[in-house]
Amino acid sequence: MESNWAAEHLQVIRTLMERSSVYRRALAPIMFVSGTIGTAAALIPLLVKPLTSNREFSLFWIFVSALALLASFLLVRRQALKEAEAFWSLPTRRVSQALAPAFFVGLSAGAIFVWGPLPDAGWVLALFWIVIYGCALHAAAFFMQRGIKLFAWLFILAGTALGLGTIFFEKLQTATAAHSLMGVFFGLLHLAYGVYLYFTEKK
């Protein structure tokens, strides 16, 4: 039993390392789509309809994240079909398992802000989501090239620094700031990283 587990683990490592450049190339369109969705979503509460309560903020961004995940899922499935590969392969399951704990914690935090009797503080949830998303990316990027890990650390360090900054800058403790942070991190930064991946990928 132990030898079978070791052999399976080594096969996953080998496959992920062999395909790291392929996954990196496949990540560019996902970043473009996610970034576009995040940027467009941030404009709605900033320009169209203010969403200031915990319930409004959390439900809105949970819906946006679900939309981005669905779009990413369809992109990955399309790429797998194009390459005549199995979509739910063993490496894909391992990467999904690495993402799952942090995503579950993020969803749980959002649920607390929807139903919990908390004072309006969407900016706290935004900063938490930024940091936990960075942790999720770092866990999933274990077998990928260094760029995705640096991208993950950008979320972790920037989110932590902004959290400390709220002590000194009360303007960060507003719904407008929270929506702006979500748009910058989950919109513009994803677009920028998608551009980086596209232009630095070896053809």
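## Ground rules

Residue numbers start from 1 along each chain as its sequence is written, and side-chain values use heavy atoms, with hydrogens and water left out. Because this is a predicted model, local features need pLDDT of at least 70 and side-chain atom pairs count only at pLDDT 80 or more, while totals for chains, interfaces and linings use all residues.

## The overall picture

The protein chain has seven helices and zero strands, so reading from the N terminus gives α-α-α-α-α-α-α. Helices (H or I, at least four residues) and strands (E, at least two) are DSSP runs, numbered from the N terminus.

Of its 203 residues, 37% count as buried. Here, buried means under 20% relative accessible area, exposed means over 50%, and partly exposed is in between (1.4 Å probe, protein chains only). The chain exposes about 12,000 Å², with carbon and sulfur atoms supplying 71% of that area; accessible areas come from the Shrake-Rupley method with a 1.4 Å probe, and for residues only the protein chains shown count as cover.

Helix α3 covers residues 54-82, which is 29 residues. From first C-alpha to last it reaches 42 Å, close to the 42 Å expected at 1.5 Å a residue; the expected span is 1.5 Å times one less than the number of residues. Its buried residues are N54, F57, S58, F60, W61, V64, A68, A71, S72, L75 and A80.

Two packed helices are described by the angle between their axes and the distance between the axes. For α3 and helix α5 (residues 122-140), the axes come within 9 Å and cross at roughly 30 degrees. That makes α3 roughly parallel to α5. Angles under 35 degrees count as roughly parallel, over 145 as roughly antiparallel, 65 to 115 as roughly perpendicular and the rest as oblique. The axes are lines fitted to C-alpha atoms, for helices over the stretch in contact, and angles run from 0 to 180 degrees between N-to-C directions. On the α3 side, N54, F57, S58, W61 and I62 meet G122, L125, A126 and W129 of α5.

L75 of helix α3 counts as buried at 17% relative accessibility. Leaving aside neighbours within four places in sequence, L75 is in contact with P29, I30 and V33. L75 and I30 are 45 residues apart in sequence, yet their C-alpha atoms are 6.9 Å apart. L70, also in α3, is partly exposed at 46% relative accessibility. Its C-alpha atom is separated by 9.9 Å from that of S34, 36 residues apart along the chain.

A41 belongs to helix α2 (residues 20-48) and is buried, at 6% relative accessibility. Neighbours within four places aside, A41 is in contact with F60, W61 and V64. The C-alpha atoms of A41 and G183 are separated by 7.3 Å, although these residues are 142 apart along the chain.

In helix α7 (residues 175-200) sits H179, which is buried with a relative accessible area of 2%. Not counting residues up to four places away in sequence, H179 touches A42, P45, L46, L51, F57 and W61.

## The aromatic cluster

A pair of aromatic rings is described by the distance of the centres and the angle of the planes. Rings of Phe, Tyr and Trp (its six-membered ring) pair if their centres lie within 6.5 Å; planes under 30 degrees apart count as stacked, over 60 as edge-to-face and the rest as tilted. By this rule there are 11 aromatic pairs. One is F151 with F155, whose ring centres are 5.1 Å apart with planes at 70 degrees, so the pair is edge-to-face.

F151 and F155 are four residues apart in helix α6 (residues 146-165), which means about one helical turn separates them. Both F151 and F155 are buried. Ring pairs link F103, Y133, F151, F155, F185, F186, Y193 and Y196 into a cluster.

Q97 lies in helix α4 (residues 90-115) and is exposed, with a relative accessible area of 51%. Q97 and A140 are 43 residues apart in sequence and 8.3 Å apart in space, C-alpha to C-alpha.

Terms used:
Contact = heavy atoms within 4.5 Å.
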